[in-house]
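Please look over the sequence and the model shown below before reading on.

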Amino acid sequence: LASSGQDPGEHPSVTLFREYLRLKTVQPEPNYDVAVRFLERIAAELGLGCQKVEVFPGRVVTIMTWQGTDPQLRSILLNSHTDVVPVFEEHWTHDPFEAFKDSQGNIYARGAQDMKCVSIQYIEAIRRLKAEGKRFPRTVHMTFVPDEEIGGVKGMELFVKRPEFQALNVGFTLDEGLANPTDAFTVFYGEKCVWWIKVKCEGNPGHGSQFIENTAAEKLVREVALFWGHLTLGDVTSINMTMLSGGVSFNVVPSELSAAFDIRIPPTVNLQAFEEQLTVWCRAAGEGVTYKFYQVRQGTEELGPEPPLEIYLGVYNLAGHLHLEIFPAATDSRFIRAAGHPALGFSPMNHTPVLLHDHNEYLNERVFLRGIEIYACLLTSLASVPPLPAEG
């Protein structure tokens, strides 16, 4: 039975998931207020502590806390973000904010994979454990942060510098990962650093009917070829041209053209050497070719501190097998690692195509429910890790 409303026979965790998906926390104008009220309601239902921290005007981090029996131990942090990326509705089979469920149990919605599923799986795993009367030594915090999809500058990047974050006494963090189309789960122990640069090419202007030497366009074409020509199939650094700008008229050769590049660099690459290579490429493209950084991370935090062995053992105890990888994009984990806390990226979505930011993003309800079971087992293990040497 396909459904856009509530099915009386539907699992209540799925119903809650679909309710969350219908909240339009979509960039560039996310309605964060409805998400905060939704989360406050759940915290009250579960009897969890709830704190709101406004890190920037209109940007609130919501913290739910399940107190451990030994609060002096470092805590487990479960992080997720509340915003989702924009949609092109004409390419969707169903309304991306309807949370339509088809006859196969696939739930179509923006955020189904990235990452409202994980937020609700955290919540429902704790709901299940509390209903079973479980208590664990370590405190578990859930943070729900804004603006991750636009870089986290007014979200987690500010939050990790706040005394409220320090007070969480974080020992280990779980954050988002990616789906895996096979029967395996993917665990991310680090991620590429992000360089956003704009290359500006200056050249000779003139009338569009003339042969003009040293134009901005030929320099830009040369520059793009240099950027992409140095990559091979085996390279793990990615360079994508994402924006082009310049020109005033069809028949006027512009004196300036610009191209923006999204570069993702693995932590194993020497960043100083890579920037020197950028300079060489710009010089090779011709005079008047320069670049400017719009976002740059220095990479040291992209791996961060190694999680304790006990943490890895807890993750490895999952059903199925794991792939350990570097995350290909950027998540809020980079700010947590930069603050000195180990973090792994993990979304329990196997047998699922990777559809984050894509049209017709969906997650099957069986995979979603299995993820709750996985988090319940994982939390039982992580929140029970005995005191580590650093904790006395």
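## An enclosed helix

In this predicted model, helix H1 covers residues 12–21, and because 8 of its 10 residues are buried, the helix is largely enclosed by the rest of the structure. The buried residues of H1 are Ser13, Val14, Thr15, Leu16, Phe17, Arg18, Tyr20 and Leu21.

## The chain as a whole

The protein chain has 10 helices and 17 strands, and of its 392 residues, 53% count as buried. For a chain of 392 residues, a compact globule would have a radius of gyration near 21 Å, and the value of 23 Å found for this protein chain agrees with that. Taken along the principal axes, the box filled by the C-alpha atoms is roughly 80 × 55 × 40 Å.

As for charge, the protein chain carries 33 positive and 48 negative side chains, with the centres of the two sets lying 4 Å apart.

## His81, a residue in strand S3

Strand S3 runs through residues 75–81, and His81 lies in this strand. Is His81 buried or exposed? Its relative accessible area is 1%, and because residues under 20% count as buried, His81 is buried.

The side chain of His81 makes a polar contact with the side chain of Glu148, at 3.2 Å, and a polar contact with the side chain of Glu176, also at 3.2 Å.

## Ser245, a residue in strand S11

Ser245 lies in strand S11, which is made up of residues 238–246. With a relative accessibility of 37%, Ser245 counts as partly exposed, because this class holds the values between the 20% limit for buried and the 50% limit for exposed residues.

Which residues does Ser245 contact, leaving aside its neighbours within four places in sequence? They are Leu257 and Ser258. Ser80 is 165 residues away from Ser245 along the chain, and the C-alpha atoms of these two residues are separated by 35 Å.

Key. Residues numbered from 1 in each chain as written. Predicted model: local features only at pLDDT ≥ 70, side-chain atom pairs only at ≥ 80, totals over all residues. Heavy atoms only, no water. Helix = DSSP H or I, 4+ residues; strand = E, 2+ residues; numbered from the N terminus. Buried < 20%, exposed > 50% of the residue type's maximum accessible area, 1.4 Å probe, protein only. Polar contact = N/O pair within 3.5 Å; in protein donor to acceptor, adjacent residues only side chain to side chain. Rg over C-alpha atoms; globule rule 2.2 N^0.38 Å. Lys, Arg positive; Asp, Glu negative; His and termini not counted. Charge placed at Lys NZ, Arg CZ, Asp CG, Glu CD. Contact = heavy atoms within 4.5 Å.
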